[in-house]
Amino acid sequence: MNFQSFLPIVKEFIRALGNRRTYSIRNNCYFIFGVLWGIPVPIVTSGMCLYHRNLVFSLSNIAGEFLVHPIQFFFLLHPLLFGIVFGAMGTVRDEKEKQRLDFQNSLVILNKELKEKNNALQELDKLKDDFLTMVSHELWSPLTTVKGYVSLLKEKKVGELTQKQKDILTITEEQIEHLDRLIADLIDISEIEAGKLKIVPECLDVNKVVEKTIGSLSQRALEKNITLENRLSPQLPYIWADSRRITQVFTNILGNAIKFTPDNRKVSIDARVMADSIEFSIEDSGIGIPQAQLANIFEKFYQVDSAAKRRYGGCGLGLGIAKSIIELHQGRIWIESKVNEGSKFFFEIRKCRKKNIEGKQDCLLSSLTQA
Ligand SMILES: Nc1ncnc2c1ncn2[C@@H]1O[C@H](COP(=O)(O)OP(=O)(O)OP(=O)(O)O)[C@@H](O)[C@H]1O
Ligand SMILES: [Mg+2]
């Protein structure tokens, strides 16, 4: 023990000496304990002196001893001194115990408050999920009706259309499609939150999935003069995945790559065959994502560009949905990115295996030859 840690103890001890509690027989049993501990001291010392002087242990001899050796008065004070020292230590101990109990009680109160706040948050979260489910489903039916009426108009079932009316209908259709995608995302996210999103995996030719995705996004790429480079080998083994959901993952990631890449650049898709899985990568040369935000981009409603700016549109749902879908396939998804240089998204999906394809004639041959 060094002097620095000893000093506070001495200070506390001196402070306790000034506390009335230290000397209280009623409130401080340490004081009584000290007195009892000190009583043998004058008895033993005076007894030893009498023994050395060959005198018997009697009151008169003891009184004489006190006159001959006045130091005996000091020993006589020992029960009191011990009482004070023990009493002061008792005061310090009781104060510390009180502080500990106060701290413990405050922790209990804080813990209770935290639990209440947590429950309230969970209730709010559930309310928000229920609201999300309700709103998305409620939006779905009127949109389906609007869609129906627009196709009636386009198919000229209610009469001929002027060019201007056709143009207006085309814009309306685009907006409906946009709304349709948004509602579908909201329904997906509410199902993910409720743990209700299910996948139906099968042996899939991923080349077909990627071609389909590129086809559906080619118009968007064309508008920005972005080249979509498909580097997948035609001999790629089949994957064990839900066709609709894995198409959604490719669409979300590739869609982002096009959205966040400036005009006249390139986006490429590649794959690496591993022992049990295939690692896909989608690389762009776009705006990139700051390192500090990489961990958040898979959270729902998270967007790097602040909601206030809204330069690129969207709701921040695509990557959250993609991550959940990949995880439902027992795969993983991650990203590497540098601001102003570009981003590279990776995800891993299991290969189709013999045990996956029992009874599935259609994918049996191709996967056995390719795996
Ligand atoms: N390739 C990319 N380059 C740069 N930033 C990206 C890229 N992909 C995603 N991000 C960032 O991650 C955020 C979340 O992406 P996510 O796909 O979840 O949402 P979104 O595209 O904004 O909206 P939504 O997908 O719902 O239409 C984006 O808003 C963007 O800030
Ligand atoms: Mg997106």
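Two residues are in contact if their C-beta atoms, placed from the backbone, lie within 7 Å. The model used in these exercises is predicted.

## Exercise 1: Gln248 and its surroundings

**Task.** Find which residues Gln248 is in contact with, leaving aside its neighbours within four places in sequence.

**Solution.** 
Step 1. Gln248 sits in helix α9.
Step 2. Apply the contact rule. Ile321 and Ile325 are the contacts of Gln248 once neighbours within four places in sequence are left aside.
Step 3. Judge the exposure. A residue is buried if 20 or more other C-beta atoms lie within 10 Å of its own, and exposed if 12 or fewer. Gln248 has 19 other C-beta atoms within 10 Å, so it is partly exposed.
Step 4. Gly18 is 230 residues from Gln248 along the chain, and 77 Å separate their C-alpha atoms.

## Exercise 2: The pair α9 and α10

**Task.** Describe how α9 and α10 pack.

**Solution.** 
Step 1. Take the geometry. The axes of α9 and α10 lie 9 Å apart, and the packing angle is about 145°. The crossing is left-handed.
Step 2. List the residues that meet. From α9 come Arg245, Gln248, Val249, Asn252, Ile253, Gly255 and Asn256. From α10 come Gly318, Leu319, Ile321, Ala322, Ile325 and Ile326.
Step 3. Sort this contact of α9 with α10 by class. It has 7 nonpolar, 5 polar and 1 charged residues.
Step 4. Recall helix geometry. An α-helix has 3.6 residues a turn, so residues three or four places apart point the same way.

## Exercise 3: The pair α8 and α9

**Task.** Work out at what angle α8 and α9 cross, and which residues meet.

**Solution.** 
Step 1. Start with the axes. Helix α8 covers residues 206-223, and its axis comes within 9 Å of that of α9. The two cross at roughly 35°.
Step 2. The crossing of α8 and α9 is right-handed.
Step 3. Name the partners. The α8 side consists of Val209, Val210, Lys212, Thr213, Ser216, Leu217, Arg220 and Ala221. The α9 side consists of Ser243, Ile246, Thr247, Phe250, Thr251, Leu254, Gly255 and Ile258.
Step 4. Sort by class. The contact of α8 with α9 has 8 nonpolar, 6 polar and 2 charged residues.

## Exercise 4: The cover over α10

**Task.** Decide how many residues of α10 are buried, and what covers them.

**Solution.** 
Step 1. Count. In α10, 9 of its 11 residues are buried, and the helix is mostly covered.
Step 2. Name them. The buried residues of α10 are Gly318, Leu319, Gly320, Ile321, Ala322, Lys323, Ser324, Ile325 and Ile326.
Step 3. Find the cover. It includes α7 (163-193), α9, β6 (332-338) and β7 (342-350).
Step 4. Step past the end. Gln330 follows α10 and has a positive phi, near 60°.

## Exercise 5: Around ligand 1

**Task.** Identify which residues come nearest to ligand 1.

**Solution.** 
Step 1. Take the shell. There are 23 residues around ligand 1, and Phe260, Gln303, Val304, Gly314 and Gly318 come nearest.
Step 2. Find the elements. Those giving two or more residues to the shell are α9 (243-259) and α10 (318-328).
Step 3. Sort the shell around ligand 1. It holds 10 nonpolar, 10 polar and 3 charged residues.

## Exercise 6: Two loop residues

**Task.** Say where Asn264 and Phe301 lie, and whether they are buried or exposed.

**Solution.** 
Step 1. Locate Asn264. The loop between α9 and β4 (266-273) holds Asn264. Its phi is positive, about 65°, although Asn264 is not a glycine.
Step 2. Count around Asn264. It is exposed because 9 other C-beta atoms lie within 10 Å.
Step 3. Locate Phe301. It lies in the loop between β5 (277-284) and α10. Phi of Phe301 is positive too, near 65°.
Step 4. Count around Phe301. It has 10 C-beta neighbours inside 10 Å, so it counts as exposed.

## Exercise 7: The two domains

**Task.** State how the protein is divided, and what separates and joins the parts.

**Solution.** 
Step 1. Draw the bounds. Domain 1 is 1-197 and domain 2 is 202-370.
Step 2. Take the centres. Over C-alpha atoms, those of domain 1 and domain 2 are 46 Å apart.
Step 3. Count contacts. 6 residues of domain 1 are in contact with 7 residues of domain 2.
Step 4. Sort one side. Where domain 1 touches domain 2, its residues divide into 4 nonpolar, no polar and 2 charged.

How values were computed: Residues are numbered from 1 along each chain as its sequence is written. Chains are lettered from A and ligands numbered from 1 in the order in which they are written. This is a predicted model: local features need pLDDT of at least 70, side-chain atom pairs count only at pLDDT 80 or more; totals for chains, interfaces and linings use all residues. A residue is near a molecule or strand if its C-beta atom, placed from the backbone, lies within 6 Å of it. Helices (H or I, at least four residues) and strands (E, at least two) are DSSP runs, numbered from the N terminus. Ala, Val, Leu, Ile, Met, Phe, Trp, Tyr, Cys and Pro count as nonpolar, Asp, Glu, Lys and Arg as charged, and the others, Gly among them, as polar. Domain bounds come from an automatic or database domain assignment. Axes are lines fitted to C-alpha atoms, for helices over the stretch in contact, and angles run from 0 to 180 degrees between N-to-C directions. A crossing is left-handed if the near helix is turned anticlockwise from the far one by less than a right angle, and right-handed if clockwise.
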